[in-house]
Each structure stands twice: as structure tokens, then as C-alpha cells.
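Please keep the sequence and the structure in view throughout.

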Amino acid sequence: MASKNNDASDAHAVRNSLKVLLVRHAESQNNEIYRNARYIYRGGTKDFDLQGWTSYVDAHRSADPGLSEIGVEQADRLAEYLVPYLQTHAASPVSVVCSPMRRTLETIRPAIQKLLTKSSNEGGAGTRLVPQMLVNAFYFESEGCHTKDKAECGMTPAQIRSTLMEASIMQNADDARVDSCDNSMSPNYNDDDDSAPCDWLRFTGFSDASKGWYAHGKAAETRAESEVRAAKFYVWLLEHLDQQLQHVGRIELNDTMSNDALSLSPAQQQQAGRRNRRTTVLVGHGDFMSLVLKRIVAGFGHAVETEGIPHRSAFVHFNTGITELEYFGKGRFLLMGQNHTPQFKVDEYDRLRTGGSLKDGWSYLMPNDKFLLDAEVSVSFSDELEGHVIEQATALKALYLSSEASDRFHADNMRYSVEHQDDALASERSSQVKHFIVKHGLQVVGVASYSEATGRLFDVAVRPSAEHKVSETLFDAVKQYSKTLGRSSSLLITPRSTDNKKLFERMGFEELGDNASSDTMQLKH
């Protein structure tokens, strides 16, 4: 649906875009080890043996593992689905951005083999689909490459090339392609041009081609370091996609290539059949893909709440799960579908759809309560509040300071609230009004406005599920602030119902004397 704020012509204008597919690697040997450890040591139960689990994992885990037997089958099934899909929907060349870790390379290897074989043996216009694979040295999984927290170097570009050449990957490809990948290494593995030693394989992010992708690591990567790297990769990805989009925009589109999702009607699509679009496939890891996806969804507004602690939301993928995005340039994404597994039949889910459920341990990405429930109070004028704080505070007021028609709902469900005081307090909504915001991390759980001129509180709202401590924190902050102004008088407030009055009484508010309004309560310093 077109926005009312846009020109009507914009709704149906041709808009250049690229298809982006994010693919998680197939099950690794480490995934299998963790799965076995959870079964052996009763993970997720009250009898969980943490010491036994840790000893088992430490004894069997690898720094950079390959695929398990199930993972090998998943990779083959991914190729069986992905290659025909790309041949039907993607324009040539198709861009493949891959992590430097062994499990991602082994995941995409069968698909690359099929693409190279078909591009060599199936000549003719509109049938060649050449892959351009780019291994990005900083697109690795969170924590990096380590054994018991001791850093390992990871593979060099030459070793990565050998990994991709294993299993006779090029056995049916033409000799020129094989020879181009057997030449000596290019001295520069950081160029995004065609100077790399193989016409379908390039590298970026390696500071030294003779060293592994994690040569810089001193230990296992910390959470804070993973977040910084995710931001770095997000910016790199935008530039990578923008360059592709600009390239498509400079060439004349033909019947076999389209860079716009809206350029064909359903009838034209059916008639054209093979009219394909520029596509990028990113092969990565469950946790790091989630860090990148959060930035894609939030754009440049993404923020880390507490350094070193996971964010309160995350994206989960099964092994070889696929997320589809549409990219319109300049950081604009549409999330078209998340964590799909079309390569598996429904009756195969129990066996092949691994690594993407709660039993696989993803709840560790959710921060513990102790990192979120410490209430912090900020005091600001309206123009000093951040956009996301204003949005949440406005939503709280809209929910809990509503019309008289919702009185019964508020009486039953609110901890307390105060109705807007339109005329009487109009003058208080000025530069003398301070706003008190109680937050758990970045989440707003309580708000109150305070008039410096009269000492009156208004527009008070607190999440019904919030701890009672939030109420105390809010009012204690207002009391302390009023004391800094030299006020010796009490805070004033007007409850909007009998139940609200009782709640304020429990917070220490009392009715004013006989000469004051019976609806007004005070909280003495």
C-alpha cells in the first residue's frame, strides 16, 4: 500500500533492487557435539550436568570444524534446491559472499560445483550462470577461531581455495577454469576487482595473504568485539550491494536480466519465464547473521543496550535456513521471508531441519534479567529526548492515559496513571516541564512529567507488569530533583480513579487539607 505522504506516481514507479539470500551453514561437527552433549548431560532439565557438558565439549570441539554427516547431506540438498532456483531467478554472474570458516565453505561447495559445471557445459544465450565467489575474512562466526579460548589462525586464502577444490569440485568444469584456480596466489587478496588468481573466486579482508583469517586474534572474540565487527560488516555489505546496484543501473537490461522486482506483470513473468534478476547469496553463521540482520532491520538506529551482553531480540536459523531480502540501495531493505527451508520435505524436518530450535540452545542469546531489570532514570526536556524514547513514552501514555471509555480497563490493569489536564495545566507544558523516564536498558517502563513552576506531577504512566521498584524509583527521582530546586513543599498529583488513589496512597501520597481540592494528593519530602 502506498503511503499517503508519497506522490501517487511513486507507488508504481520502477525501482531498482537486488535479491539478497542469507544462508546459514549446514550442521557442523561442533553442532553435532553440542547436540550430543545436551542429550548425554540432560541439557534443559533440572538435572543438567554443567561440568560433564563442559568437559565433553572441551574434549571434542574443534576450532574450525567441517560438516557432520547430516551436514554433508544438508549441503547436497541445499545445492539441489539452490542451483535450479538461481538458474530460474538469478542473473549471471550471481554473487556469493562466504565466511572463511570451513563449515560455510563445505556448505556452499556442492552448489558452486554445480554452477561451475553447468556454466561450462550448458552454452547458449540465457543459460550460463557464472558464480562470483568472494570470501570475506571478517564474516566469521562470533567468538572467532579458538580452542579453549586460545586463538587459532584459521585458514589462509590458499587453504580456503584448496578446501573449495576438494572432492573434485572442478572435475567436470572446463580446463580454463581449473587452470585459473591453480595459478600462484595474487599478491593482493583485498581487491574487489578481477585481479584475483581465479575468475570465480576472490578474497577480501585478509591483511596478509600468507596468514589465516583469524591471525589477528588473541583469544576468543568477546561479545563487544562481535558487535563492533557486525557493524563493520554491515557497512561493508551496504557498499558491496550499492556497487552491484549501480553496475546494474548502468547497463541496458535485456530479456534475460532484470534488476527490478516490479518491472514485470504476472502475465509477463509467466511469458518470460527465465527473465532473471541480480542476486547475492551470503553464506554465514547463526549468531553473527543475527547481529547483521538486526542492523538490517533497524538500519542505522540499531544500538547495543549493555556492552558485552546480547541484545533482547535475535534471529534464529536452522542449518541451511534461508532468509530472503530485497535491497533498494542506500541501506533500504525489505525482509521478504525468514528462515525458510524449502530444500527439505515436511516429513524430513525431524531428521534434517537441525540447529534452529530452543533445544539447540538459542535461549543463550537472551540476556538474563539481571542485565535488564536495573531501573535507570533520565531527566530531560522534551527536545533532549532521543527518538526511540519519545516513541515509547508516547505509546505508554496512549495506552494508559486514554479516554473515559477505558476507565474500567485502567482500573483493573494499570498500576497507576494520571489523566491529561488539558486547560488547567496548559501553562505547565512549557520549558519549565521536565520529563522523567525509567528504563530497563533501552526499554521505557515508566514516565512522568513534572512542572518546576508548581511542583505538580502529571502524565504519569508505568507498565502494569513493571516491578513495584519502578514506581518507587520514579517518584524518588522526582523528589530528589525537586529538592535541588530548593522546594520544601510536597509533590502534587491528581488520581483519575479510586483505585489509582489507593495505589498512590501506598506510594506515600496523602490527601490535601480541607481547603484544597479533594481530588489532589501530595507526597511530602
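Which residue in E10 is the bridge partner of Val20? In E10, that partner is Leu325. The model is a predicted one, in which local features need pLDDT of at least 70 and side-chain atom pairs count only at pLDDT 80 or more, while totals for chains, interfaces and linings use all residues. Residues are numbered from 1 along each chain as its sequence is written, and side-chain values use heavy atoms, with hydrogens and water left out.

Strand E1 (residues 18-24) and strand E10 (residues 322-327) run antiparallel and are joined by six bridges. Helices (H or I, at least four residues) and strands (E, at least two) are DSSP runs numbered from the N terminus, and two strands pair if DSSP finds at least two bridges between them. E1 and E10 belong to an open sheet of seven strands with mixed pairing, in the order E6-E3-E2-E9-E1-E10-E11. Its edge strands, each pairing on one side only, are E6 (201-204) and E11 (333-340). From one strand to the next, the twist averages 20 degrees.

Two helices lie across this sheet. Helix H3 (residues 69-89) lies across E1, E2 (94-98), E9 (279-284) and E10, at about 175 degrees to E1. Helix H9 (residues 286-298) lies across E1, E9, E10 and E11, at about 150 degrees to E1. Axes are lines fitted to C-alpha atoms, for helices over the stretch in contact (heavy atoms within 4.5 Å), and angles run from 0 to 180 degrees between N-to-C directions.

Of the 13 residues of H9, 11 are buried, so the helix is largely enclosed by the rest of the structure. Buried means under 20% relative accessible area (1.4 Å probe, protein chains only). Among the buried residues are Phe288, Leu291 and Ile296. After H9 comes Gly299, whose phi is positive, near 65 degrees.

A nonpolar core is a set of buried Ala, Val, Leu, Ile, Met, Phe, Trp, Tyr and Cys residues joined through side-chain atoms within 4.5 Å. The largest has 65 residues, and those with the most contacts inside it are Leu86, Ile108, Met133, Trp213 and Phe233. Helix H7 (residues 223-250) contributes the largest share of this core, eight residues. A second, separate core of 22 residues includes Val445, Ala448, Tyr450 and Leu491.

Technical notes. Buried < 20%, exposed > 50% of the residue type's maximum accessible area, 1.4 Å probe, protein only.
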